[in-house]
Amino acid sequence: YHYPHDPIDSGSDSFTYISEKMSKVNFDENKPQWSFTYFHTKETFGGEQQRGSSSEDEVKEDDQDMSSNHQWRTLILFEGHHCIGDGMSFFYMLERLLEISRSGKSLKRGVSNYSKLVVVRRRRIPWKKVLMWPVQALWIVPSIAFMRSDPDTYIRPPPASLSKRKSVLWCDPIAIPKIMQIAGSVQSESITSVVLTIVSGAIRRFLESKGEAVDQNIKAIVPFSLRSSSNTNLENNVSCLFVELPIAESTREERLKQCCDRMDALKTGPFALIAVIMMAIATFLFPDVWLGWIQSVYVNKCSLIVSCVPGPRGTRKFYDHTIRGVYGFPPSVGGLALSIATFEFGAYVRIGIMVSEKKVDGEDRDDDDARPSMMKGFDQYITNEFDKMYETFVPEQLRTPLMSKDAAQKKPGNKAVTFSVPSKDLEADL
């Protein structure tokens, strides 16, 4: 039940396969609410991917056909119910698995100090700004309590129009040194500010491509962790902030400035503390039925979820397999159609996108899986927006010559193997 070797048709790509898996997630309430699935993909010319079988016999038979023109990799898909833990919990759980793979021994609760997959960064707040918190609270509390709703847009359709079908997209990895160069051009060190600027610009251009006039900003729900660096247990320990994305700004310079200013205010102001206090008061005062209604009201005032998880700048190995990348696909909540997760891993930021698709003719249809995603091409908008920002903010003589995506992610000589027979040449994507 927990480790299915999924027999896979060879005609579909990884996007379609994972989207289908996400659409059909329905955990048996009588069993633990998690599972791992692994499968092999064969990358061919043109960037297309043909999925290979996880069946041991078939993989061994195909092994004779492996030439330099074909390359295999293994994707490991973890699905877990949010009742088990938050996103950082699951990444800490992955760290446990990596440590077990190094030592071959089970670990006690929590992870050791040998390495950390998730890096908890805390910024020291000047005491002068802390003294201003009571004054700031006088306008922060009302602004949250009476928060306006976002305008209806293509990425924020009516909740009743959304189906149970899910789609996933993921973007080309974005090099962290380049992100830091963009941030440094405005005297900032915030990776999150640059990522939010990229997402804002991509959304603006995507909406314009759909014929919409972009004249109002939108809000993103941004979860943040309440845990200390020593708390690595499986549990939910998060709150959230409502962050305005400046999609109405026409210039990249102004979008970056506003994102940097807002993130600086969030990190040094009482916003996080007020969010935690308001959530604690609501939980204490109101019954569960009311809490569900309050959550839906505030969630439906926003347009999307953006989750940013800091990770290690080095790579990791799993039973001698190099992990090439880690992507997260956060679940959408309430009536939101779009969730975006960013994760720093191995000197790159990787972005995963989860989409709740629209119904067909007002109905959930079983034959709906073949339809393209409503956000088709949005991943390319993110990649293109980053390229444009790099050209805008970094002078040509200072631009960092980095490996291309293909050079950074592909190594010659990969062999097809089964999961039970590790090979140092096999690379895994999580």
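**An aromatic pair and other contacts**

Author: Tryptophan 170 and tyrosine 327 are both buried. Keep in mind that this is a predicted model.

Reader: How do tryptophan 170 and tyrosine 327 sit relative to each other, in distance and angle?

Author: A search of the whole structure gives 13 aromatic pairs. Tryptophan 170 and tyrosine 327 form a tilted one, with 6.1 Å centre to centre and 45° between the planes.

Reader: Which parts does that pair tie together?

Author: Tryptophan 170 belongs to strand β4 (residues 162–170), while tyrosine 327 is in the loop between β10 (321–325) and β11 (338–345), so the pair ties together parts that are 157 residues apart in sequence.

Reader: Which residues do ring pairs link into a cluster?

Author: Trp34, Phe36, Phe78 and Phe90 are linked that way.

Reader: Switching topic. Where is glutamate 385 found, and is glutamate 385 buried or exposed?

Author: Glutamate 385 is in helix α11, which covers residues 378–393. Its relative accessibility is 0%, and the cut-off for buried is under 20%, so glutamate 385 counts as buried.

Reader: What does the side chain of glutamate 385 make a polar contact with?

Author: The partner is the side chain of arginine 255, at 3.2 Å.

Reader: And what else is glutamate 385 in contact with, leaving aside neighbours within four places in sequence?

Author: Besides Arg255, the contacts of glutamate 385 on that basis are Ile198, Gly201, Ala202, Arg205 and Arg252.

Reader: Now the surface. Which residues form a nonpolar patch there?

Author: Leu273, Ile277, Ile281, Phe284 and Leu285 do, with about 540 Å² of accessible area together.

Reader: Where is leucine 273 placed, and why does leucine 273 count as partly exposed?

Author: Leucine 273 is in helix α9, residues 271–285. Its relative accessible area is 43%, and partly exposed is the range between under 20% for buried and over 50% for exposed, so leucine 273 falls in the partly exposed class.

Reader: Overall numbers, then. How many helices and strands does the protein have?

Author: There are 12 helices and 13 strands. The protein has 430 residues, and 47% of them count as buried.

Reader: What does the accessible surface come to?

Author: About 22100 Å², with 54% of that belonging to carbon and sulfur atoms.

Reader: And what share of contacts comes from residues 24 or more positions apart?

Author: Such residues account for 78% of the contacts with a separation of 6 or more.

Terms used
Residues are numbered from 1 along each chain as its sequence is written. This is a predicted model: local features need pLDDT of at least 70, side-chain atom pairs count only at pLDDT 80 or more; totals for chains, interfaces and linings use all residues. Side-chain values use heavy atoms; hydrogens and water are left out. Patches are made of residues with over 30% relative accessible area and no salt bridge: like charges are joined within 9 Å, nonpolar side chains (Val, Leu, Ile, Met, Phe, Trp, Tyr) within 5 Å. Accessible areas come from the Shrake-Rupley method with a 1.4 Å probe; for residues, only the protein chains shown count as cover. A salt bridge is a side-chain nitrogen of Lys or Arg within 4 Å of a carboxyl oxygen of Asp or Glu. Helices (H or I, at least four residues) and strands (E, at least two) are DSSP runs, numbered from the N terminus. Buried means under 20% relative accessible area, exposed over 50%, partly exposed in between (1.4 Å probe, protein chains only). A polar contact is a pair of N or O atoms within 3.5 Å; within protein, one must be able to donate a hydrogen and the other to accept it, and residues adjacent in sequence count only if both atoms are side-chain atoms. Contact means heavy atoms within 4.5 Å. Rings of Phe, Tyr and Trp (its six-membered ring) pair if their centres lie within 6.5 Å; planes under 30 degrees apart count as stacked, over 60 as edge-to-face and the rest as tilted.
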